Amino acid sequence: MSEYITHMAVNDDCRNLALYADTTLPEIKISLQEHLRASQLGAVTSKGDRHTIDLLVESKKDWPSRTAKRMLAFFFGWRSHIAADRQLKTLFRLLEPEVYLTEEVDGPTSISIYHDLFVLRELYSSEAINPFVDNMLAANHSSRNIQQLFVGLWQNSLLRLHAFTAQDSQPESWFEQFLSDRQKFYDDVERYVEAFNNLDNSKMKYVVQTHRFYNPQDPLIRLTRSLRQGQPDRSIDLETALQDAKEQSHYARALRRNWLYLQATSEFWTGKIDTAALQERFEDADPHADPEVFEVLEDPERREELVELWHEQGGQEL
Amino acid sequence: MTVNRRAFLTIAALGSVATFATASCGSSTQGVWPALEFVPELSGELTRLALIADASALALQTQTLPDIMRRALLGTPGLTSILGMGVLFPSGASVISFLGEARRGWLSRGNPNDEHRVAVATGYLMHRAAEQRLGAGLVAAGIKAAEVDAAKLQQDAEVIRSFMSEVPPTEAEAKALLSVLDQRLRIQIHTLKPDGTDEKTWVRKLLEWDAAQEDLFERLAAAIAEPDTEDYARYVEAPKFFDRNSRLVQAVRGQNATQSSIEQASSDSLYDLGLTDCARVVALVCEFLDGSISGKDLVQALDQT
């Protein structure tokens with residue numbers, strides 16, 4: 001499962017690409033320019049496959065109000081979350097074969113924490129617009145009790161945003177909704193802190209390079225890195241880079257997925273396709289895992305190789 | 001937050017503290033209590049959550065608890081306490097029958113949701129007890145309705161300071177601490193759960209909530225680091241809100257509270273009194289769960305807390 005920092009990074013890169021490309025609709029560009037925070041919040045929201053099209057329809061209907069622009073930016077971020085989530089689930093099936101074949105994963109594994117830490121160090125160390133504060137994973141931050149208070153405060157605040165808390169006065173139906181809607185807070189920040197301050201380079205190499213999580217040489221990634229620096233590398237042809245990304249690192253493939261969403265969204269916005277066709281286009285770009293991955297996992301010998309490699313790196317201890 | 005909700009808060013915290021108590025006493029045989037409603041950022045919710053956490057620890061350290069209550073107080077591993085979410089329970093009039101359902105379920109089948117029922121209902125009653133104690137303290141100190149927001153902010157800041165080292169942070173340090181907290185909480189959330197029925201309204205409210213956090217953290221940082229002298233005297237010292245040398249609080253947080261710690265509770269610290277009130281709520285709910293007292297007895301006993 002991909003995590004918070006990776007979701008933010010994928011969204012930032014997708015946003016930079018959309019703002020850079022000549023083909024992006026002006027409505028999308030203006031929404032992304034004016035409402036960065038909305039796109040970032042969308043990037044860390046679940047269940048996008050159920051709600052994004054309705055949100056896009058609402059935005060188009062209300063255009064050009066401020067609300068419509070915020071909705072469009074949120075929609076963009078929400079799709080980028082799906083792009084990252086779907087693509088990286090494929091990778092996790094390869095990196096942690098036994099976990100994903102035998103267990104329901106609840107909370108981050110060490111591998112997904114390492115992905116987040118890699119992204120934090122690689123992409124946000126000298127960023128002009130950095131959503132993260134420098135010392136957020138410092139080891140000497142002694143505020144666990146205070147943190148628990150704010151978890152409680154936010155848990156209540158976030159649930160209050162759900163309509164049923166104001167509308168449902170029947171305890172039984174309220175309780176049912178309460179159990180399903182309450183916000184989970186995974187208790188794993190200390191694992192981030194521990195890993196961040198005691199980084200295992202060999203584990204990092206396995207997590208990043210085996211099965212190609214991220215490759216700075218991928219043309220699409222080179223382009224996004226140049227965009228992060230505010231100096232676009234115009235020697236890279238965007239269309240070619242997007243085409244090539246199909247066979248490159250999973251991070252580049254996640255960016256490409258979001259680009260496919262963006263193209264379909266633009267066609268919907270300009271009236272070339274309806275919501276049903278948009279849904280189909282999203283689904284076409286959206287397989288939960290590449291067929292080739294299932295092919296590997298279903299082949300006993302190849303699967304055994306993966307499991308062996310995983311155990312060599314520490315297996316469940318990872 | 002809306003004007004209406006702020007107005008309600010003012011009424012709930014001041015004008016109707018007496019009414020709240022009177023209504024509870026007067027109509028307790030029907031079990032009619034008003035549903036609680038708070039503005040989290042300014043309602044003293046941080047203070048109540050701290051009281052509930054400390055009271056849970058106190059109950060776990062000093063009471064013999066049935067398994068269902070022990071689990072309700074400890075919470076579910078990997079999740080936060082449902083107890084603190086009791087403030088959201090929609091119907092004070094139904095809380096006893098809701099608990100009764102948990103008792104029946106627990107005795108007959110041990111449904112895991114029953115401990116969540118106990119947690120949310122007990123949490124509601126603890127929030128209520130805490131608010132009654134703290135609200136009455138404001139009234140007794142002559143604090144006016146228009147001052148409630150400022151008073152609650154100072155009290156929340158005092159509670160946060162109580163978890164810090166003795167050397168108070170500078171405003172920059174307090175801001176840095178809250179910024180780190182903000183980031184860590186977002187990592188813990190991983191992904192936000194949207195409202196499945198109306199995504200547009202939910203997105204709008206989420207953006208408003210997100211923007212409000214920055215303002216809240218700035219105000220809290222200032223109040224933690226350098227509280228306004230007059231505000232501190234009026235809202236923290238005059239109502240005797242918190243005793244920094246409280247033996248009870250020290251014992252609870254040191255995991256070594258005993259019955260004598262409770263007897264040593266400061267009789268004029270609102271926080272100490274709220275702590276013992278909330279722990280008593282736990283004890284009363286346990287008596288109800290094991291059948292020692294009826295629902296009517298529970299209501300009467302709670303009204304006397």
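These legends go with a set of close-up views of a predicted model.

**View 1. Chain B from end to end.** Here's the overall make-up of chain B: 14 helices and zero strands. Read from the N terminus, the elements simply go α-α-α-α-α-α-α-α-α-α-α-α-α-α. Of its 305 residues, 57% count as buried. Take the contacts in chain B between residues at least 6 apart in sequence, and 79% of them join residues at least 24 apart.

**View 2. Helices α6 and α13 of chain B, packed together.** Two packed helices are described by the angle between their axes and the distance between the axes. For α6(B) (residues 112-140) and α13(B) (residues 270-289), the angle is about 150 degrees and the axes are 9 Å apart. The crossing of this pair, α6(B) with α13(B), is right-handed. On the α6(B) side, the residues in contact include Val118(B), Thr122(B), Leu125(B), Met126(B), Ala129(B) and Arg133(B). Across from them, α13(B) brings in residues including Leu270(B), Leu273(B), Asp277(B), Val281(B) and Val285(B). Sorted by class, this contact has 13 nonpolar, three polar and two charged residues. As background to the spacing of such residues, an α-helix has 3.6 residues a turn, so residues three or four places apart point the same way.

View 3. Helix α5(A) takes in residues 66-95, 30 residues in total. From first C-alpha to last, α5(A) reaches 43 Å, close to the 44 Å expected at 1.5 Å a residue. Because 27 of those 30 residues are buried, α5(A) is largely enclosed by the rest of the structure. In the loop between α4 (48-62) and α5 of chain A sits Pro64(A).

**View 4. Two loop residues with positive phi.** Most residues other than glycine have a negative phi, and most peptide bonds are trans. Arg212(A) isn't a glycine, yet its phi is positive, near 55 degrees. Look for Arg212(A) in the loop between α12 (201-209) and α13 (219-228) of chain A. His190(B), also not a glycine, has a positive phi of about 65 degrees. The loop holding His190(B) runs between α8 (171-189) and α9 (199-225) of chain B. Which of the two is buried, and which is partly exposed? His190(B) is buried, with a relative accessible area of 5%, whereas Arg212(A) is partly exposed at 38%.

Terms used. Residues are numbered from 1 along each chain as its sequence is written. Chains are lettered from A and ligands numbered from 1 in the order in which they are written. This is a predicted model: local features need pLDDT of at least 70, side-chain atom pairs count only at pLDDT 80 or more; totals for chains, interfaces and linings use all residues. Side-chain values use heavy atoms; hydrogens and water are left out. Axes are lines fitted to C-alpha atoms, for helices over the stretch in contact, and angles run from 0 to 180 degrees between N-to-C directions. Helices (H or I, at least four residues) and strands (E, at least two) are DSSP runs, numbered from the N terminus. A crossing is left-handed if the near helix is turned anticlockwise from the far one by less than a right angle, and right-handed if clockwise. Contact means heavy atoms within 4.5 Å. Ala, Val, Leu, Ile, Met, Phe, Trp, Tyr, Cys and Pro count as nonpolar, Asp, Glu, Lys and Arg as charged, and the others, Gly among them, as polar. The expected span of a helix is 1.5 Å times one less than its number of residues. Buried means under 20% relative accessible area, exposed over 50%, partly exposed in between (1.4 Å probe, protein chains only).
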